[in-house]
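User: I would like to learn how to read the features of a structure, one at a time. Could you take me through the one shown here?

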Amino acid sequence: MAIVDAPDLGLAATAHATAAGGDIDTIAAIATAPGAAAIGILRISGPGASAIALAMLGSLPEPRLAKLCPFRDSAGDAIDQGLALWFSAPGSFTGEDLLELQGHGGPRVLDLLLERVLELGARPARPGEFSERAFLNGKIDLAQAEAIADLIQAATATQVRLANRSLQGLFSRQVRALVEQLTRLRTLIEAAMDFPDEELDELPIGDADLADILTSAECVLANTQQGELIRDGLLVVIAGPPNAGKSSLLNALAGTDTAIVTEIPGTTRDLLRAEVQIDGLPIRLVDTAGLRDSPDPVEQEGIRRARDQIAHADHLLLLIDDSATPPDSSVEDQLGELALAPDVPLTVLRNKIDRSGRPPGLKTNPDGGIELACSALTGAGLDLLRDHLKTIAGYRGADAGEYSARRRHVAALRQGLQHLLDAQRLWAAPADSAGSSLDLVAEELRFAQRAFGEITGEVSSEDLLGRIFSEFCIGK
């Protein structure tokens, strides 16, 4: 059969083994945060870890048992004294021989220990290289490796909970279940193509199996979108003409006086940022310079930065001073004056209703545009705005998330889902159509499986791995 695919995970491991001219070198790094602390940890991984242990400790510690001993320099004098932990390959985090020295957390003490380890043949580890080796040696998959970074960077209890679930493999198991369903269906299709005249016991006689896979993929995508939303949040840009109340809104939503508020137009020249939580949904707010024609070169740069930020926003809150807008001036007129791109997802906020007398509320215009009346000064309508932001984000609540996920995971699932839909369309094509042949269906299913494999690292590229692990801190 033609079903066999060679996953790139094995190729990645081979690349790891040959990265340094055919030899795997030994890496070392301080694993604790910079600065003085009670405890400092030095981590060493690779084939030279045992020799380093013998040179610094005098003997190799018993695996997985903490040993109190001095850590010695080249003259035999103690640099520090602490606990040594030894993990023999493959029973370590990296899958290699691994030594941890847990001593005092003085920066100079740790520097001297690291200098001694490097003197004994190790090299400084790159950011994330320990986790990268764990992935390349099959100890974790790529989604689990990313969950380690998510756990370290988590800012809320919900983010910690979801990152832990991903680290334990919940997300990976769901993806692998999809791949297994696809493999089974591809096997049946390949059998039908390779043995068209044989009476096989089980052949794909319809698209029922494919429909089941589509349902499963849509469910995983929905869970992944929630996980990505809880991890990354929503980037919301506040924009509009000068003195519309943008900085007041930022302060009101953030609950702090982050931005300077004055009656002078053009007070905000640069981007101001604040992060808030709305029922567990992270919102990254960006206040921008007022959009207008200005001869001031500094303000012009602020406006340029504002428009650049608008182009990258998940959602735009476009503020209009409701008390200053003439009754016969439409929102379309206001939008035309600001010259925004037509595809920017936005909500028009009629601010300063405490002056105009308009009641707080939210309405959908005939063209589908949404307007929300509020007052950043009094807080009227801001609860409506918070609920609106949760709605546009598709947020189902902190308890709805199952695991941590990233935008690349969502993109891979969407790509795979599109290939499944294309396969379903080809399968349903008339029998005399050239597009209904099983080989085209099989090809779409192969593309779908490859897209899903990118999530766990079964299919990966050196560039992808480099981008992912470069986000990690040194020593992890």
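User: To begin with, where does P90 lie?

Analyst: This is a predicted model, in which local features need pLDDT of at least 70 and side-chain atom pairs count only at pLDDT 80 or more, while totals for chains, interfaces and linings use all residues. Residues are numbered from 1 along each chain as its sequence is written, and side-chain values use heavy atoms, with hydrogens and water left out. P90 lies in the loop between β4 and β5, where helices (H or I, at least four residues) and strands (E, at least two) are DSSP runs numbered from the N terminus. The peptide bond that leads from A89 to P90 is cis, with omega near 0°.

User: In what order do the six strands of the open sheet stand?

Analyst: Strands of a sheet pair through backbone hydrogen bonds, either parallel or antiparallel. Two strands are taken to pair if DSSP finds at least two bridges between them. Here the order is β3-β4-β5-β2-β1-β6, with mixed pairing, and the edge strands, each pairing on one side only, are β3 (67-72) and β6 (123-124). Within this sheet, β2 (residues 37-45) and β5 (residues 98-105) pair in the antiparallel sense over eight bridges, and I39 has H104 of β5 as its bridge partner. Helix α2 (residues 49-57) packs on the sheet and touches β2, β3, β4 (78-87) and β5, its direction making about 85° with that of β3; contact means heavy atoms within 4.5 Å.

User: Which strands pair with β11, and is β11 mostly covered or uncovered?

Analyst: Strand β10 (residues 315-321) pairs with β11 in the parallel sense over six bridges, and three bridges join β11 to β13 (residues 370-373), which also run parallel. L349 of β11 stands opposite L319 and opposite L372 in β13. Strand β11 (residues 346-351) is mostly covered, with five of its six residues buried, where buried means under 20% relative accessible area, exposed over 50% and partly exposed in between, with a 1.4 Å probe and protein chains only.

User: At what angle do the axes of α9 and α13 cross?

Analyst: Two packed helices are described by the angle between their axes and the distance between the axes. Axes are lines fitted to C-alpha atoms, for helices over the stretch in contact, and angles run from 0 to 180 degrees between N-to-C directions. The axes of α9 (residues 246-254) and α13 (residues 382-393) come within 12 Å and cross at roughly 80°. These two helices are therefore roughly perpendicular to each other, given that angles under 35 degrees count as roughly parallel, over 145 as roughly antiparallel, 65 to 115 as roughly perpendicular and the rest as oblique. L249, A252 and L253 of α9 meet L382, L385 and R386 of α13 in this contact.

User: Which residues touch the most other members of the largest nonpolar core?

Analyst: In soluble globular proteins, nonpolar side chains tend to be buried together. A nonpolar core is a set of buried Ala, Val, Leu, Ile, Met, Phe, Trp, Tyr and Cys residues joined through side-chain atoms within 4.5 Å. Of the 30 residues in the largest core here, F171, L420, L445 and F452 touch the most other members. Two or more residues each come from α7 (170-194), α8 (208-232), α14 (407-427) and α15 (438-456), with α14 giving the largest share, eight residues.
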